[in-house]
Protein chains: 2
Amino acid sequence: MPRPKPISGFPEFLPGDRLVEQRVLSILRDTFELHGFAPIETRAVEPMEQLTRKGEIDKEVYVVRRLHAAADDTVDELGLHFDLTVPFARYVLENAGHLAFPFRRYQIQKVWRGERPQEGRYREFLQADIDIVGQDTLPDHFDVEAPLVMLEALERLHTELGVPPVRMRVNNRKLSEGFYRGLGIDDPDGVLQRVDKYDKIGPDAVRGLLVDGMGLDAGQADACVRLAGISSPDDSFIGDVRALGVRNDLLDEGLEGLARVVRAAAAQVPGRLVADLRIARGLDYYTGTVYETELVGHERLGSVSSGGRYDSLASDGRTTFPGVGISLGVTRLLVPLMAAGQLRISRPVPSAVLVAVDAEETRDVAMQVAAALRARGIPCEVAPRADKFGKQIKYADRRGIPFVWFGGTPGEVKDIRSGDQVGADASEWMPPASDLRPSVLH
Amino acid sequence: MPRPKPISGFPEFLPGDRLVEQRVLSILRDTFELHGFAPIETRAVEPMEQLTRKGEIDKEVYVVRRLHAAADDTVDELGLHFDLTVPFARYVLENAGHLAFPFRRYQIQKVWRGERPQEGRYREFLQADIDIVGQDTLPDHFDVEAPLVMLEALERLHTELGVPPVRMRVNNRKLSEGFYRGLGIDDPDGVLQRVDKYDKIGPDAVRGLLVDGMGLDAGQADACVRLAGISSPDDSFIGDVRALGVRNDLLDEGLEGLARVVRAAAAQVPGRLVADLRIARGLDYYTGTVYETELVGHERLGSVSSGGRYDSLASDGRTTFPGVGISLGVTRLLVPLMAAGQLRISRPVPSAVLVAVDAEETRDVAMQVAAALRARGIPCEVAPRADKFGKQIKYADRRGIPFVWFGGTPGEVKDIRSGDQVGADASEWMPPASDLRPSVLH
């Protein structure tokens, strides 16, 4: 067949970039598990009626049908999940009897959206979500914990792999709603929707929308815009809000909730989290703290990690499951950094050593050397052909393998970068730790 | 919404079983990388025309469409991949210029088949494939290497996790074809198809099919059935075949190829691989060695790991890519063992320690203890509520967490299984290694 072309919106990695992605996933899994989050995976499909419950997203769903589905096929119509929250909510309801609450889970899986592809938008992409879900109640301190766990993971990606540092912007829906209600506004959601455009259109245009579109008076609109302009890396935002002179119980609750997040973050991951009172998050199920996260220096990528508190993730009529969660867009984070050459692997193959083959008759000797090295955790491969040694070295070089082994178990090993060749025993020799596995260069 | 029901054929795990699966995947990845296989992932979808090239499989494909695809949508129709070989062949053609050959890759991903669900058949399941692919040529010794790598992985699953041991049954298409041609039979594929039913219908019925269905004479049919009856854990099968008195060059080539696999396996993973001359493998693209693998004691599950040699995995008209590969059905292997209670996790949460909370005002202290433990790699979580200690201990017990920490960084830690409680410092204390992470019980 002719050479196939990529399908727009379905990114794929060459092996080197996949090795980088695996390092990222390994750090995420490790961090989440250190915090007691248990892993789950859900099937790729959900019943279409579940996926289309939120009206605005249904045009992005991929429908899945058997090619030769019988006309009398009574199986529900299925679609690919477009996030990990809808399947998780279903999973919690389905398995509630087998889970201990508050249930802490992480989930790292592909999701699919039938969007028109454009920069930073994908039709298939990888997400990593953590959520904590309670049965009927869930203490507020989890609103503090969830973003700190994600920030810890992102900080490790920064220090261990060289991913740029992040800035998490946090708000609290109660704070905004209480403030608006304190101003005598009846439709806080309407205000939130318009304030959500602040970064795109600026404060004056938002003020205009509030007055013209919602009929707020100039004083109300001005107060809303001034609230949206408040941000601080510490709890000084409280004073700034107080200075606007609005009083409301829900506002107080929101201020206190947000202050707790900011104070804890300042102690644990200083400089990475700010209170930002214009963060709204479009989705309507958030009811408390909301998070957005940008990469410092790459703000135009938009938010790479978002989430918040929802008082009802799921409900079966008798029991309600409140939750708080945050999701990391792994593909969205990695693809632009890889394209910019900012996340590169030291070599695109796991092998640290190529074991050379003298002659096809002695391939067994080379395989024994390889087995001895692997037994001590050294990735290696045996040369595909008993070519002249120069050609075998070239083969290693082309693959990025740093060492070539000659002879038997007691033999010689050559660092093909420096040309140094030394006697070595396959049951004792170790490469430098930095060469053992492919590493992310930064 | 009412409690959702599982969708038949789409298995999902509770967190404990997912932890088992993760351990399995970690061992697979580690083994494959020690042997120099690089990881790739391909998108979940391929153009339908690629997926339906093999006529017999097209009814099993899931078609994927955007819910509101425009009538003038010129994008190719897409389907979910039903294996990892078709996408890999496409990936090799698409990226040949960026890969070093022989290219060694592993790939662990879900695949989908729109089959009628029945025991051991899934509509969504996880596969783990390794393949070695050459450009124009690929030496035969890779036919020996590929099954040994998979056997090494399966042996680690056996010794480290308690998965039952395996028996890999190996044949060589050249051996069978050469034998049939040496008997003067013109349609070796026809014979192979019928011999493939040997295990199901027995030798006499196969003999009948060969005589009645293909017009072989009694002597030819008898020789074919006798060939199919030969198996040996060493290279003694050669003598058994020779005793049938057939001479053919391709037969000799096949005998030698199979003997190499058997001899290498006997040295490296004794007792796990047998030459079995009735293994045929249905798919028609295999051209040399073929592998099937059953779990000892669970033979009725069928083959959990299969593969073989193909002289043309892919071709762009100018270059041909021969390969050899073997695939492990992870879901197919794990689900029945889990259902039978043979693979259980020591606890369904990562946390080794629950840090108790004295009072909500001192939650910060508990969080500091948790941070100190995590800094040394100990998974832990902080109690959700400052309940009475008895209730907090019950909470840990319900989740399977073995230790509860009381007090601050210098505090006390209780093994809730034995009841032993000792003074401990969070910057020094370690749980026993066997309690650090959830482990698979066997």
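**A quick tour**

Modeller: Chain A splits into domain 1 (15–344) and domain 2 (353–441), with bounds from an automatic or database domain assignment. It's a predicted model, where local features need pLDDT of at least 70, side-chain atom pairs count only at pLDDT 80 or more, and totals for chains, interfaces and linings use all residues. Residues are numbered from 1 along each chain as its sequence is written, while chains are lettered from A and ligands numbered from 1 in written order.

Biologist: How far apart are the centres of domain 1 and domain 2 of chain A?
Modeller: Their C-alpha centres are 48 Å apart.

Biologist: New topic: at what angle do H6(A) and H8(A) pack?
Modeller: About 145°, with axes 9 Å apart; H6 covers residues 188–195 of chain A and H8 covers 203–214. Helices are DSSP runs (H or I, at least four residues), numbered from the N terminus. Axes are lines fitted to C-alpha atoms over the stretch in contact, and angles run from 0 to 180 degrees between N-to-C directions.

Biologist: Which residues of H6(A) make the contact?
Modeller: A:Gly190, A:Val191, A:Arg194 and A:Val195, where contact means C-beta atoms, placed from the backbone, within 7 Å.

Methods: Helices (H or I, at least four residues) and strands (E, at least two) are DSSP runs, numbered from the N terminus. Two residues are in contact if their C-beta atoms, placed from the backbone, lie within 7 Å.
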